Amino acid sequence: TVVATDFVDMTGLEIDGMHVDLNNAATIGVDVSNTIPVMVMFTAPADTDPDTRYEIDDVRVKVYIEGFRNELEDETSRFHILEGNTYTKRMSITVPSSFDLDDLSENVDLLVRFNAQGESSVEKNFPLEIQKESYSLNLLSVDTSNVVVSGDQVSVDVVVQNNGNERLDNIYVEASIPELGTSRKVYVGDLSSDQDEEDDDINDATSKRVYLTIPRDAAAGTYDMVVEVYNYDVSVETTTRVAIRNVDAGVMPVTATK
């Protein structure tokens, strides 16, 4: 099937490996935050004059999704097309994150635009449904001291959110410095996928503080601190840097008496 356009004929489209019917495009479901490949196929239609073969310069193909705070788009570099030739262009586009969705899913359009020097733009749109993952955790923030003293405790404040479709039970947060062999785990509790109407104590986000003890014999230096939040369905982790210094030790003078 060929969909007629002005200076190009769009002949095929694949989104995330799935073929799209150009005449009757079915909605394609995609997961949040994924980068999906898009392949666009088109031809430069033949002219009615058999004695000439036209060429169009500065052609670009662009794919994009509108309506979100970040620009979600990809575009080819400029190229030229010759009458009668078939072309394939590959791009990719990042699907919006859970933060951008008000509901568990959202219907949007993937737009494909053809631009060329001296030609009117040609644009087609194809339906997508963006879906949150069933089980997903997000670390909203991790705050801790940049410099700590060996032998002391360092507090790690973590804010975690359930940004999936399903409620997550029995969540833990663990902070560790693998190089020093020290770690600490605390219980977070349960997180709903949104505000729980029946239980005010179960929300989609919460904060927790972990106290991590630094060994007294820890050598001064900079170490990786790993913060992981998990339950039996899903886990997420991040790494931050912390500097450890030693306490300056002095020698008390001895008082001599007769």
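**Confidence check**

I am working with a predicted model, so I began with pLDDT: the chain has a mean of 85, and 87% of its residues reach 70 or more. I flagged residues 1-5, where the pLDDT is below 50. In the model this stretch still has 15 contacts beyond near neighbours in sequence. Where pLDDT is low, the predicted coordinates should not be read in detail, and I left those contacts alone.

**Whole chain**

Next I looked up the secondary structure and found 18 strands and 0 helices. I noted that 38% of the 258 residues count as buried. The chain exposes about 14,800 Å², with 39% of that supplied by carbon and sulfur atoms. I then turned to contacts with a separation of 6 or more: 65% of them in the chain come from residues 24 or more positions apart.

**Strand S18**

Which strands pair with S18, and in what sense? I found strand S17 (residues 221-230) pairing with S18 in the antiparallel sense, over 10 bridges. S18 itself covers residues 235-245. The two form a hairpin, with 4 residues between S17 and S18.

For valine 149, I traced the bridge partner in S18 to arginine 245.

Note on methods: Residues are numbered from 1 along each chain as its sequence is written. This is a predicted model: local features need pLDDT of at least 70, side-chain atom pairs count only at pLDDT 80 or more; totals for chains, interfaces and linings use all residues. Side-chain values use heavy atoms; hydrogens and water are left out. Two strands pair if DSSP finds at least two bridges between them. Buried means under 20% relative accessible area, exposed over 50%, partly exposed in between (1.4 Å probe, protein chains only). Contact means heavy atoms within 4.5 Å. Accessible areas come from the Shrake-Rupley method with a 1.4 Å probe; for residues, only the protein chains shown count as cover. pLDDT is the predictor's confidence in each residue, from 0 to 100.
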